[in-house]
Amino acid sequence: MPQLKVVIIGGGVGGLTAAIALRQHPALHVELYEQATSFREIGALIGLAPNGLRTLEKLGVEDVLTDEIGFRNPDPIPMIYKHWKTGDTLSADKYHNVPEKRHQMARMHRASLQKALLKKLPSDVLHLGKRVVDVDVSDERRVIVTFEDSTSVAADLVIGADGIKSRVRKSFVPDHELKWTGDAIFRSTFPYELVKDIPDLPRNSTHFTGPRSWFFPSRMGKDEFGVTCSFPVNDQDPDAPFQDLVWNAPADVQTVQEAFKDFNPLVRAIAARIPSVRRYANVAGAGLKHWTFSNRVTLLGDAAHTHGGAFAAGASLAIDDAYALYLALSTTIQTSAEVSPERLAYALSLYETTRRPQSDRVLRVVHGMITDHRGRMGRFWEEGVEEPDEEFRQRVAARLDPVWLTEHDVEKTFEKVLTASREVGVEVARL
């Protein structure tokens with residue numbers, strides 16, 4: 001019997017995870033198309049929360065559970081927030097139900113995660129140098145994806161996992177707007193050897209946060225170290241630097257050192273050891289009305305929910321998206337004989353219903369945070385009014401507990417959605 005042909009656009013964390021998951025389904029034939037000409041070892045420090053790690057374990061991607069790839073805090077805490085100037089603790093996240101060390105928040109180089117995912121995929125399903133220019137659903141059954149090199153591919157199902165600037169999404173939601181959050185972000189990764197002799201270097205990943213700026217240094221895996229930091233840009237001044245919307249652009253280390261010169265001595269010491277940095281303009285967009293188009297194109301990861309990297313949750317969200325889609329297709333289409341437009345539409349409905357509530361909540365929280373932050377920055381730029389230290393401390397101490405995000409159980413959520421669907425009379429056997 002013919003298989004359902006699935007084309008995944010995008011070879012990032014979400015796309016690779018989707019390929020690994022969907023290839024386990026006997027009724028699916030999976031191909032992945034990536035615009036880059038090679039899977040280069042680029043990227044920055046990323047975090048995988050317990051939800052993402054548990055999902056990857058279910059899919060057999062066990063390398064990410066090792067200390068070789070992922071650094072886990074020696075103390076059982078996901079993150080500590082410390083005062084930018086004094087270094088005293090303002091807040092700390094905690095685990096609610098993560099008894100296994102291997103499932104605790106892991107910091108790693110994006111390239112290490114990518115390498116672990118690629119190990120699970122045969123090279124013949126990966127097609128590189130394929131930049132999408134159009135996704136056409138005018139055919140009643142098929143989707144035609146056209147690439148910049150004038151080639152095209154036909155599929156029964158297309159999954160847009162091509163990131164926050166998704167070209168698949170643009171084919172169906174051309175007016176979706178990404179807005180700059182007003183901050184400049186700098187990232188660096190380098191050998192741990194360069195900083196390990198710094199006195200009082202934190203044993204746990206520590207977020208040094210101030211009223212306007214923040215500096216996050218952390219070990220990555222066994223031998224690497226990463227720094228991500230951010231400061232606001234005065235977008236009311238047309239001559240202010242860093243207003244261009246760049247992504248992974250080279251930057252000057254002295255810019256970071258100057259921006260954080262008033263932070264505590266430990267931050268200054270780390271900044272002095274940074275060998276090189278890359279700059280990013282953080283952007284975010286509103287929630288989409290839906291992720292599925294013509295019942296044969298759907299989105300996942302940053303293509304579906306453009307939250308701009310808040311909570312360091314992008315990778316884990318994309319991983320859970322991919323797994324939810326796998327669960328939906330596995331439940332609805334168990335053999336090649338059961339492939340039909342009706343079953344595919346039902347599967348995509350289950351997938352979106354499973355994932356939308358969480359991603360919509362992420363976007364609501366993110367946009368609320370952006371609005372509050374820009375309000376504070378507006379007062380600072382216009383009036384020179386800095387947030388009082390006591391108010392700042394209280395705000396950080398009152399942070400939202402991210403457990404709803406980091407320990408989310410996507411499989412349990414899917415089961416609830418499936419049960420609710422059956423209770424309203426949807427039976428797969430009738431489709």
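**Close-up 1. Helix α2 and the residue that follows.** Helix α2 covers residues 50–58 (helices are DSSP runs of H or I with at least four residues, strands are runs of E with at least two, and both are numbered from the N terminus). Pro 50, Asn 51, Gly 52, Leu 53, Thr 55 and Leu 56 are buried here (buried is under 20% relative accessible area, exposed is over 50%, and partly exposed is in between, using a 1.4 Å probe and protein chains only). After α2 comes Gly 60, with a positive phi near 85 degrees. Keep in mind that this is a predicted model: local features need pLDDT of at least 70, side-chain atom pairs count only at pLDDT 80 or more, and totals for chains, interfaces and linings use all residues. Residues are numbered from 1 along each chain as its sequence is written, and side-chain values use heavy atoms, leaving out hydrogens and water.

**Close-up 2. Phe 186 and Phe 231.** The structure has 14 aromatic pairs (rings of Phe, Tyr and Trp, using its six-membered ring, with centres within 6.5 Å; planes under 30 degrees apart are stacked, over 60 edge-to-face, the rest tilted). With centres 5.4 Å apart and planes at 25 degrees, Phe 186 and Phe 231 are stacked. Phe 186 sits in strand β12 and Phe 231 in strand β15, so the pair ties together parts 45 residues apart in sequence. Phe 186 is buried at 1% relative accessible area.

**Close-up 3. Arg 219 and Tyr 192.** Arg 219 has its charged end over the ring of Tyr 192, 4.0 Å from the centre (meaning NZ of Lys or CZ of Arg within 6 Å of the ring centre and within 35 degrees of the ring normal).
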